[in-house]
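Reader: I have a chain to look over before a meeting. Could you take me through its structure?
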Amino acid sequence: MVIHLIIEHEHLLTKETLMKRIRSAAKVQCPQKLEGALSLEIRLFDHMPLNIADCQKKRTYAEKGLIRPVHVSILQPSLQHIQEALHSIADQVPLQIVDLRVSQFYSMCERVEIIINTVGGGTRPSPKKETSI
């Protein structure tokens, strides 16, 4: 089973609002609790800085993922918030995650993409849609 969540957000998104959006999007795609091993991929799309956004060549490279954020990361707090929010669809999220990948990118549209995949013998069929909030 694959669950793909796209959470669009504004620049100063609070922890509570982010977690609420993740919970609601996750429950739409997966009304039942997930069991067993999970693979989690998180893609954080940060606001593109002006020095990159103003230059067409740099902006194109950034949109393709060739220029990536290397500043002080927001990965650790975001990862904890996302894991807390995913308790709505999996009871033991930190223990169930056996594969984790977190990536940061620049984008003109700030968002967080979360892809959850069951590892091994998933019994439920894969959903045919993505959920954007």
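Author: What follows is a conversation about the fold, the cores and several individual residues.

Reader: What kind of model is this, and how are the residues numbered?
Author: This is a predicted model, in which local features need pLDDT of at least 70, side-chain atom pairs count only at pLDDT 80 or more, and totals for chains, interfaces and linings use all residues. Residues are numbered from 1 along each chain as its sequence is written, and side-chain values use heavy atoms, with hydrogens and water left out.

Reader: What is the average pLDDT of the protein chain?
Author: The average is 82, and 85% of the residues score at least 70. Here pLDDT is the predictor's confidence in each residue, from 0 to 100. Over residues 122-128 the pLDDT is below 50, and this stretch has 10 contacts in the model beyond near neighbours in sequence. A contact means heavy atoms within 4.5 Å. Where pLDDT is low, the predicted coordinates should not be read in detail.

Reader: How many helices and strands are there?
Author: The protein chain has 5 helices and 5 strands. Both are DSSP runs numbered from the N terminus, helices being H or I with at least four residues and strands E with at least two. From the N terminus the order is β-α-β-α-α-α-α-β-β-β. Of the contacts with a separation of 6 or more, 86% are between residues 24 or more positions apart.

Reader: What share of the chain is buried?
Author: Of the 133 residues, 41% count as buried. Buried means under 20% relative accessible area, exposed means over 50%, and partly exposed is in between, with a 1.4 Å probe and protein chains only.

Reader: Which residues have the most contacts inside the largest nonpolar core?
Author: They are Ile 22, Leu 34 and Ile 116, in a core of 26 residues. A nonpolar core is a set of buried Ala, Val, Leu, Ile, Met, Phe, Trp, Tyr and Cys residues joined through side-chain atoms within 4.5 Å. Two or more residues come from each of β1 (2-8), α1 (15-29), β2 (38-47), α4 (75-85) and β4 (111-118). The most come from α1, which gives 5 residues.

Reader: And what does Ile 22 touch?
Author: Not counting residues up to four places away in sequence, Ile 22 touches Leu 5, Ile 7, Ile 82, Ala 85, Leu 86 and Ile 114. Another core, of 5 residues, lies apart from the largest one, and Met 48, Ile 52, Ala 53 and Tyr 106 are among its members.

Reader: Where is Ile 89?
Author: Ile 89 is in the loop between α4 and α5. This residue is buried, with a relative accessible area of 1%. Leaving out residues up to four places away in sequence, Ile 89 touches Ile 3, Ala 26, Lys 27, Cys 30, Gln 32, Lys 33, Leu 34 and Ile 116. The C-alpha atoms of Ile 89 and Cys 30 are separated by 6.6 Å, although the two are 59 residues apart along the chain.

Reader: Since you mention a cysteine, how many disulfides does the structure hold?
Author: It holds 0 disulfides, a disulfide being a pair of cysteine sulfur atoms within 2.5 Å. Cys 30 is buried, with a relative accessible area of 2%, whereas Cys 109 is partly exposed at 35%.

Reader: Changing topic, how many aromatic pairs are there?
Author: The count is 1. Rings of Phe, Tyr and Trp (its six-membered ring) pair if their centres lie within 6.5 Å; planes under 30 degrees apart count as stacked, over 60 as edge-to-face and the rest as tilted. Phe 45 and Phe 105 form a stacked pair, at 5.2 Å centre to centre and 20° between the planes. Phe 45 lies in strand β2 and Phe 105 in strand β3 (residues 97-107), so the pair ties together parts that are 60 residues apart in sequence.

Reader: What lies over the face of Phe 45?
Author: Arg 111 does, at 3.7 Å from the ring centre. The rule for a charge over a ring is NZ of Lys or CZ of Arg within 6 Å of the ring centre and within 35 degrees of the ring normal.
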